[in-house]
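This report describes one protein chain for a reader who is new to structural terms.

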Amino acid sequence: MESESVTVTIFGKEYTLKGGADPEYVQEVAAFVDQRMNEVARNAAVVSTDRVAILAAVNIADELFREQQKRMEASATLEDRSIRLTQLLVKEIGDSPTA
């Protein structure tokens, strides 16, 4: 797949991004970053674009880490339940007469 350039606007500035991702996806990601930067700018007494970007990045990273932790916990729970279910099935099958 050939790289395609996509122009996006983040925090009032235009950036041309080049890559293999779908342009609509790139626009969606850029809009998400723009939204987060604008939220930080509204809720914090920060005027520097660099500081707004860093705080937005930290917020996004925090959200990512929390979601990864939830996924790992859900996976561990699923694995535990699967083991218990398998043990119950083995016990039931082992106790029943075979044909």
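A contact means that heavy atoms lie within 4.5 Å. By this criterion, residues 24 or more positions apart account for 21% of the contacts in the protein with a separation of 6 or more.

The model is a predicted one: local features need pLDDT of at least 70, side-chain atom pairs count only at pLDDT 80 or more, and totals for chains, interfaces and linings use all residues. Residues are numbered from 1 along each chain as its sequence is written, and side-chain values use heavy atoms, with hydrogens and water left out.

**Overall form**

The protein has two helices and two strands, in the order β-β-α-α from the N terminus. Helices (H or I, at least four residues) and strands (E, at least two) are DSSP runs numbered from the N terminus. The radius of gyration is 24 Å, well over the 13 Å that the globule rule gives for 99 residues, so the protein is more spread out than a compact globule. This radius is taken over C-alpha atoms, and the globule rule is 2.2 Å times the number of residues to the power 0.38. The C-alpha atoms fill a box of roughly 75 × 40 × 15 Å along the principal axes.

**Burial and the core**

Buried means under 20% relative accessible area, exposed over 50%, and partly exposed in between (1.4 Å probe, protein chains only). Of the 99 residues, 11% count as buried. In soluble globular proteins, nonpolar side chains tend to be buried together. A nonpolar core is a set of buried Ala, Val, Leu, Ile, Met, Phe, Trp, Tyr and Cys residues joined through side-chain atoms within 4.5 Å. The largest such core here has 10 residues, among them Val8, Ile10, Ala30 and Ala56. Strand E1 (4-10), helix H1 (23-43) and helix H2 (49-95) each give two or more residues to this core, and H1 gives the most, with four. Leaving aside neighbours within four places in sequence, Ala30 is in contact with Val8 and Ile10.

**Three individual residues**

| Residue | Relative accessible area | Class |
|---|---|---|
| Arg36 | 15% | buried |
| Phe11 | 23% | partly exposed |
| Glu73 | 44% | partly exposed |

Arg36 lies in helix H1 and touches Ala56, Asn59, Ile60 and Glu63, not counting residues up to four places away in sequence. Phe11 is placed in the loop between E1 and strand E2 (13-19). Most residues other than glycine have a negative phi. Phe11, although not a glycine, has a positive phi of about 55°. Glu73 belongs to helix H2; its C-alpha atom is separated by 27 Å from that of Val33, 40 residues apart along the chain.
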